[in-house]
Amino acid sequence: MFTTGWLQAFDARAVAVQGNLVITTPNMHFIPEFHHFEEEDLQARADGRFRVIDCFQWPQSYDDSFCHAVCIPRKEAFPFPHPLHWAWFTPSQDDLKSIPGNSFPVGTLAPDKVDGLQSLFKLAEQRVRDYRKDQPDRGQIIYSRLLCLRHAIARLKSHPLTFRDLLIFVTDAQRLFLDIYSYIDWVLVAQPRTTFGVRHEVNLGWMGGFAQSSDICEKLFCAGVPAWYVRASAYIPPQMMVVEPVLLTRPDHIIIAMYAEGRKIRPFEVIYRGQGGRNRHTHIRRLYAGTTHQDPESDKSSQPSSSSSRPAPGPKLSAVGKAPKQKGKQRHRPCESRDKWKDPDTPFLPPPNLHWEGAMKIVVKDGSRVRIPYVIDRGYRFPEPALLLGPKLPERLQLYLANWLAARPLWIGRVDHDPPRTYPTPQLWRDFLGSVPSVQPQSSKGKEPDGKSLTATEKGKRAMRDLFGDDLLETQGDIFSPDGVVEFRGEQVSIASLATPPSLLVQKITWELFELGFRYELRDLDRYLARGCWNNNAVGREQLLHSIFPGEAGLVMWSEAFPSENYGLWNNTLMGCLPYLENFQRLLCDWDDVPPCLMTPLTSDNFTDTYSWEVRRAAATFYVPNILRSFRQASYSAPLASHAIMISYNVAVFVFCL
């Protein structure tokens, strides 16, 4: 039998020529094509991966800062039904589980695919747990990657996404897993082998890498890592042993086409351009943020134009018939003159939380105490609940609720993973919520009307395009059918019923808006007041923030079952709320001027009913002035008070009793 045990690192088990380069390998039978010196765009393709310059699907040049990349598992070594095969599956349109009653092309990842990714997380979690026991001083970085993987899978399971975003988020999760897996293999298996000079049998399950020096080639060869030594032909020694000349193995199986939807090309952004090496390794591990907040100017001609489909006067909704015409002076303009320090008189708001209500009563409302310019000034992430409930006419209330429930999954998902640079103003939210479905489909042609000549319907359509951009194209300018249904947390709601909606349903909707507003406002405020903590450990800080709230969906919680009892900070038992209150207290303690009551650690021994009440009251009293001093949400008459009503219903988890 022919053996190759006599080969040295500089010898050639196989050799191939690529241009003026000679590539040899001491431990493999093939030579992959080498892509390193050319400046290339790092841009995701139709499968969400980065073609041949992707270290997770093709060998790259060895780099000291990312040495573990040579231990990335090879797809060919782990075919179905091996558990690792989930690290390379590519989702199809069939894997997008649509949201009932939603006209937008959004959905969540199919449950069987989520389970597959979850199996990867469990495998990575066990390996990280074992690794941290073996390397207690080196586990924090890789643990942070594990937390990112957990959040990535939770997002795919729970958050509404377009297929374009779902595709790239799946590959993000897969890259996180492969990065964790390869890092542990390198530290525990490959790296120790490099220090003894003993050659180990090659591991065909590892990706391997190209070496541009004999030292690196020897290092990889000894560790049992697939190694390819790259040299110019002038540096090939005449005494080099060669077993077999081979042809280059080319990446013919790797997808190079750009992402497209039908005939429309929608390429992902170029995130880096340059040669291979450290910068490319760094950027390929950068988690995707989405690009749908950008308004593509070149697409304006193909977007629906409201001017070409102006509906007949008095558009109808199936439940309530023709909307009555209003004279100018009688026209309803919700919330324009409302005192935002007071709750509106409506049965549709959930009961306030006593601690927040008390904090709002005693807070100093003097404008001189506000930080000018406002440190957090980005508009409204979500429509103000009072704005949603402003209409007094049944058909207008129906419109507002239907538009919000139809757009809710897409918008909440976008706020989480693809936030716009500036959030909508109250006027933009009003125009959108009051938009009426078209009598006829929107035409893709026609001149965009100027702002002065817009009708109310056209303003609504323009507001939709401003909010949703390209995602509106498939809806023909409408996001619900007057005869259809929308969904709220698993409950099917007919559009017709929203003309006279059940109070309990609307209370749930407004509670969710208050809760979502609080969660994201807390994060914004913490990023400002505890910016040093975010700079030092952003992942750890994000996890602390998430740990204040029950559930696995982070800040979004849009698809979780609606709570049937108090939980989290307002759990009905002391020990049930202790961990959440303790985490909330830990977060607040990094802000300036924290009251002494919040500095005392909470324990099962000192956490009594009385002390629990005092800590919650102190937290609310401390929080409210900070947010009023720091935020400026666009408002009509009370800039300082724009959060007043939102805060009064929120605590880290307030659950209104059913």
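This is a predicted model: local features need pLDDT of at least 70, side-chain atom pairs count only at pLDDT 80 or more; totals for chains, interfaces and linings use all residues.
## The five-stranded sheet

Let's begin with an open sheet of 5 strands, whose order is E1-E2-E10-E9-E5 and whose pairing is mixed. Its edges are E1 and strand E5 (60-61), each of which pairs on one side only.

Walking through the sheet, you can follow the pairings one by one. Strand E2 (residues 21-25) runs antiparallel to E10, and 4 bridges join the two; here Ile23 stands opposite Val230. E10 and E9 then pair in the parallel sense over 3 bridges, with Ala227 in E10 as the bridge partner of Gly209. Strand E9 (residues 209-211) is also joined to E5 by 2 bridges, and these two strands run parallel. In that pairing, Gly209 of E9 is the bridge partner of Gln60.

How enclosed is strand E10 (residues 227-232)? Of its 6 residues, 5 are buried, so the strand is largely enclosed by the rest of the structure.

## The three-stranded sheet

Another open sheet has 3 strands in the order E6-E7-E8, and its pairing is antiparallel. Strand E6 (96-98) and strand E8 (161-162) form the edges, each pairing on one side only. Strand E7 (residues 106-109) is joined to E8 by 2 bridges, with the two running antiparallel.

## Two nonpolar cores

The largest nonpolar core has 80 residues, and the members that touch the most others are Phe382, Trp404, Leu522 and Trp591. Helix H8 (residues 394-417) supplies the largest share of this core, with 13 residues.

## A covered helix

Next comes helix H13 (residues 538-546), where the buried residues are Arg541, Glu542, Gln543, Leu544, Leu545 and His546. What covers them? Helix H2 (140-158), helix H11 (503-529), helix H12 (531-536) and helix H14 (574-588) are included in that cover.

## A buried charge

Asp11 lies in the segment before strand E1 (14-18). Although Asp11 is buried, it has no salt bridge. The nearest side chain of opposite charge is that of Arg231, 7.5 Å away. Asp11 does have a polar neighbour in the backbone: a polar atom of its side chain lies 3.3 Å from the backbone nitrogen of Met241.

Most residues other than glycine have a negative phi, and most peptide bonds are trans. Some exceptions are worth a visit. The peptide bond from Phe80 to Pro81 is cis, with omega near 10 degrees, and Pro81 lies in the loop between E5 and E6.

Arg51 is not a glycine, yet it has a positive phi of about 50 degrees. You will find Arg51 in the loop between strand E4 (40-43) and E5. Asp593 also has a positive phi, near 60 degrees, and sits in the loop between H14 and helix H15 (596-599).

Are these two residues buried or exposed? Arg51 counts as buried because its relative accessibility is 14%, under the 20% cut-off. Asp593 counts as exposed because its relative accessibility is 74%, over the 50% cut-off.

Key. Residues are numbered from 1 along each chain as its sequence is written. Side-chain values use heavy atoms; hydrogens and water are left out. Two strands pair if DSSP finds at least two bridges between them. Buried means under 20% relative accessible area, exposed over 50%, partly exposed in between (1.4 Å probe, protein chains only). Lys and Arg count as positive and Asp and Glu as negative; His and the chain ends are not counted. A salt bridge is a side-chain nitrogen of Lys or Arg within 4 Å of a carboxyl oxygen of Asp or Glu. A polar contact is a pair of N or O atoms within 3.5 Å; within protein, one must be able to donate a hydrogen and the other to accept it, and residues adjacent in sequence count only if both atoms are side-chain atoms. A nonpolar core is a set of buried Ala, Val, Leu, Ile, Met, Phe, Trp, Tyr and Cys residues joined through side-chain atoms within 4.5 Å. Contact means heavy atoms within 4.5 Å.
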